[in-house]
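Have the sequence and the 3D view ready.

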Amino acid sequence: MERTKIKDLKEKVGERVLLKGWIDTRRDHGKLIFIDLRDSTGKVQMVVLPNHEGAKRAAEESRSEWVIEVEGTVNKRPEKMVNPDEENGGLEVEAEKINTLSKAKELPFEKDEEVNIDTELDYRPLTLRKEKNKAIFKIQAAIVKAFRDFLIKEDFTEIQAPKLVGSDAEGGGNVFQVEYFKDKKAYLATSPQLYKEIMVGVFERVFAVGDVFRAEKHSTSRHVNEYTSLDIEYGFIKDHTDIMKLESKLLAYVFKYIGKTCQKELKIMNADLPAVPDKIPAMKLREAQKVIKKETGADKTGEPDLDPEDERFMCEYAKKEFGSDFIFITHYPVSKRPFYTFEDEDDPGYTKSFDLLFRGIEITTGGQRIHDYDMVVKAIEKKGLKPESFSFYLQAFKYGMPPHGGFGMGLERLTAKILGLENVKEAVLFPREMNRIDTLLSQ
């Protein structure tokens with residue numbers, strides 16, 4: 001008999017089926033034993049009757065998280081036993097044969113019990129089986145699919161950028177250094193930025209989905225040292241506003257797709273999807289600082305960036321004043337942005353760059369890039385870097401590059417803010433941070 005997935009049981013009422021999965025819970029009621037069985041597609045209640053002696057013996061021995069296969073008949077539940085809140089609340093499988101495939105040790109705590117973040121991560125192979133966690137990463141997978149689908153429709157080509165690089169693209173120094181061949185040093189990539197730009201000269205429109213690494217000694221609810229970056233770069237733009245418009249369309253597509261395909265998961269998470277305005281409100285950094293001073297009394301004038309509390313305030317302000325969960329902050333100082341960022345010729349000292357804030361946190365950094373060879377060489381030198389260290393990258397500009405730009409968006413931060421998670425680590429399958437890399441480094 002071929003296996004039936006739990007999601008397909010509604011089409012099998014009255015039929016005998018073979019199910020395989022994990023025991024979610026077992027409940028004994030007199031002579032009856034009830035087992036909630038789950039697989040990757042859903043969950044169903046099974047009942048073991050006394051007349052199926054072999055199945056009854058196996059059920060009596062079984063415990064949560066045991067892996068079993070079951071032969072049984074799919075029946076409709078008695079009307080008074082129907083549970084309309086469950087996906088298969090109108091069905092029940094009468095288990096006639098149970099075969100144990102794998103036994104589980106006694107659980108350290110109930111699988112769906114609320115535990116603190118450290119315990120959650122210490123037992124990650126177990127806690128990822130929670131309905132909540134499964135919902136988080138199902139939605140996250142949908143975000144990535146929608147990101148890809150939208151960009152492919154917009155004639156973007158997906159690229160795979162290297163994760164081992166010869167220099168730090170951002171020039172910030174927060175990089176993981178690794179030993180390479182012939183006594184050379186290499187680094188884990190902080191961004192696919194330089195490779196994205198090179199590929200604009202090949203495909204014109206490119207995107208990448210991949211891990212990036214930041215060697216920042218943070219221990220906060222906002223940061224991890226390895227995360228997934230959703231990156232785009234494309235040519236023949238007018239300026240940074242073209243990129244902002246494209247991102248607005250992209251986000252609208254992503255949220256529409258999630259709303260359509262992840263209704264069950266959104267309900268589990270009690271998540272409220274944001275509406276993306278046709279035009280996300282935008283404000284220069286200096287304008288935002290004036291608002292902060294006027295509204296809060298805090299004088300942040302002249303600061304090169306927004307502090308976390310400023311990001312939270314500006315999102316509250318955007319919601320109140322514009323009815324938007326999003327706000328673009330533009331025109332960061334040249335001194336604050338990487339060497340490749342285009343300076344606004346009409347606003348010297350400030351760049352055609354932006355951050356996108358969403359529900360209290362920055363989820364995107366982007367902008368227009370310098371496309372002129374001589375200008376980018378001078379920009380590298382101005383940052384105190386050596387052009388010869390970027391000779392491979394500079395070839396793209398030496399041999400002709402169009403005006404271009406793009407952005408990088410943190411997948412985990414986006415996921416966390418969509419779902420209202422308190423800690424970004426909850427949106428990372430296996431978080432890497434200062435005190436953790438599978439094993440705890442603080443012990």
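How many nonpolar, polar and charged residues are in the lining of the largest cavity?

## The largest cavity

By class, that lining has eight nonpolar, four polar and three charged residues. Here Ala, Val, Leu, Ile, Met, Phe, Trp, Tyr, Cys and Pro count as nonpolar, Asp, Glu, Lys and Arg as charged, and the others, Gly among them, as polar.

This is a predicted model, where local features need pLDDT of at least 70 and side-chain atom pairs pLDDT 80 or more, while totals for chains, interfaces and linings use all residues. Residues are numbered from 1 along each chain, and side-chain values use heavy atoms, without hydrogens and water.

The largest cavity holds about 90 Å³ of space. A cavity is a set of points on a 1 Å grid over the protein atoms alone where a 1.4 Å probe fits but cannot get out, and lining residues have an atom within 4 Å of a point. Points join across faces, edges and corners, and the volume is the space filled by probe spheres set on them. Strand β10 (205-213) gives the largest share of this lining, five residues.

## The second largest cavity

About 30 Å³ of space lies in this one. Its lining is Glu216, His218, His223, Val224, Asn225 and Glu433.

Strands are DSSP runs (E, at least two residues), numbered from the N terminus. Three of them form an open antiparallel sheet in the order β7-β9-β8; two strands pair if DSSP finds at least two bridges between them. β7 (164-165) and β8 (177-179) each have a single partner strand, so one side of each is left without a neighbour in the sheet.

Notes:
1 Å grid on protein atoms, 1.4 Å probe; cavity = no way out; pocket = protein on both sides within 12 Å on 5 of 7 lines; lining within 4 Å. Helix = DSSP H or I, 4+ residues; strand = E, 2+ residues; numbered from the N terminus.
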